[in-house]
Amino acid sequence: MDRLDNTVRPYAWGSTTAIPALLGTEPTGEPQAEMWMGAHPGAPSRTGRGTLAEVVDADPEKELGAASAAKFGPRLPFLLKLLAAGAPLSLQVHPDLTQARQGYEDEERRSVPLDAPHRNYKDANHKPELICALTEFDGLCGFRAPAETADLLDGLGVASLKPYVDLLRAHPEDAALREVLTAILTADPEEMSRTVTETAAACDRLGGAYAPYADIAHHYPGDPGVLAAMLLNHVRLQPGEALFLGAGIPHAYLDGLGVEIMANSDNVLRCGLTPKHVDVPELLRIVRFEAGDPGILRPEASPDGEEVYDTPIDEFRLSRYVLPEGAGVHDLTLPTPQILLCTAGTVRAGEHELAPGRSVFVPADETAEVSGSGTVFRATVRV
């Protein structure tokens with residue numbers, strides 16, 4: 001197996017302290033938002049044999065296993081991350097596989113440069129994702145029942161919100177949600193900015209259920225995404241709990257440290273809380289206008305101690321082992337590629353001793369024995 005040397009991405013929304021605290025390093029004063037573990041071309045992990053992308057490219061079937069290479073092609077199909085939010089991320093959705101292929105082919109046909117700021121599709125793949133909290137973790141996930149959102153907005157006493165309140169009380173619910181989001185994102189910018197400013201002041205004054213949106217507005221003053229965020233369920237995960245974000249589900253992470261895993265894609269359609277391009281027509285094509293419970297996931301334990309976060313996705317499978325002192329050796333060998341990440345204690349993986357934040361890549365069928373006292377996350381695929 002290969003010890004991984006991973007890149008930390010300094011996105012503006014990142015926490016300045018969470019990842020350094022996990023790694024046991026001194027903060028730099030700059031945001032440290034994500035640590036990437038995988039073979040993504042944007043920041044492939046480094047090994048003693050070259051980058052992980054180079055290692056996989058040199059012999060895909062050996063590194064990934066025959067079944068994984070046949071099903072997903074000659075590339076590692078997932079990207080594992082540590083994600084540390086110190087401020088809200090952009091409100092966003094991801095396409096399903098068909099939508100991604102159609103969108104990518106359309107932009108390629110129109111010769112839209114891959115690095116163009118208005119480009120939506122960087123590849124032809126979908127981007128389902130799972131976030132598992134390591135600390136208390138706040139996020140937004142999926143549409144709240146429209147009638148509940150109507151009551152929430154009505155309670156602010158902001159006159160310019162009344163048209164949205166009336167629409168949200170109309171039926172059918174999916175049409176109401178579509179109309180309101182469309183109205184928010186296509187409103188006159190100056191009028192919308194005034195409405196958001198009034199809404200933010202009311203949220204700040206009232207607190208309670210409004211407090212998360214007051215904080216969002218503090219980071220993104222006047223942004224229509226503040227109102228779009230109020231259409232969504234606010235979720236607070238406790239350590240060990242997780243959220244699965246499927247195609248078309250609007251979401252944003254607000255604060256906290258977690259382990260994130262996703263299909264290997266960069267495709268994001270933004271709804272707001274960002275200075276970046278918002279393609280409203282394409283966004284409305286992708287969003288699933290369905291209200292419902294966000295569905296907090298808790299791991300399902302197996303007899304060998306593996307705790308699995310079950311999702312309907314084949315490109316990734318995330319689980320963890322919480323190893324007590326004196327638990328002995330666990331054999332994690334699989335016919336598929338794995339990344340093992342320690343998040344607490346000290347775990348030995350093969351010849352490598354892993355402190356929190358350290359990780360290894362395990363090629364398919366290579367012996368993977370772990371021991372020690374701590375927590376290790378296992379990322380692999382389903383075949």
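Over the ring of which residue does the charged end of Arg-9 sit? The ring is that of Trp-36, and the charged end of Arg-9 lies 4.5 Å from its centre. A charge sits over a ring if NZ of Lys or CZ of Arg is within 6 Å of the ring centre and within 35 degrees of the ring normal.

The model is predicted: local features need pLDDT of at least 70, side-chain atom pairs count only at pLDDT 80 or more, and totals for chains, interfaces and linings use all residues. Residues are numbered from 1 along each chain as its sequence is written, and side-chain values use heavy atoms, with hydrogens and water left out.

A search of the whole structure finds three aromatic pairs. Rings of Phe, Tyr and Trp (its six-membered ring) pair if their centres lie within 6.5 Å; planes under 30 degrees apart count as stacked, over 60 as edge-to-face and the rest as tilted. Phe-137 and Tyr-253 form an edge-to-face pair, at 5.5 Å centre to centre and 75° between the planes. Phe-137 lies in strand β9 (residues 137–143) and Tyr-253 in strand β12 (residues 251–263), 116 residues apart. Strands (E, at least two residues) and helices (H or I, at least four) are DSSP runs, numbered from the N terminus. Both Phe-137 and Tyr-253 are buried; buried means under 20% relative accessible area, exposed over 50%, partly exposed in between (1.4 Å probe, protein chains only).

The ring centres of Phe-143 and Phe-289 are 5.6 Å apart with planes at 20°, so this pair is stacked. Phe-143 lies in strand β9 and Phe-289 in the loop between α12 (280–286) and β14 (300–301), so the pair ties together parts 146 residues apart in sequence. Phe-143 counts as buried at 2% relative accessibility, and Phe-289 at 8%.
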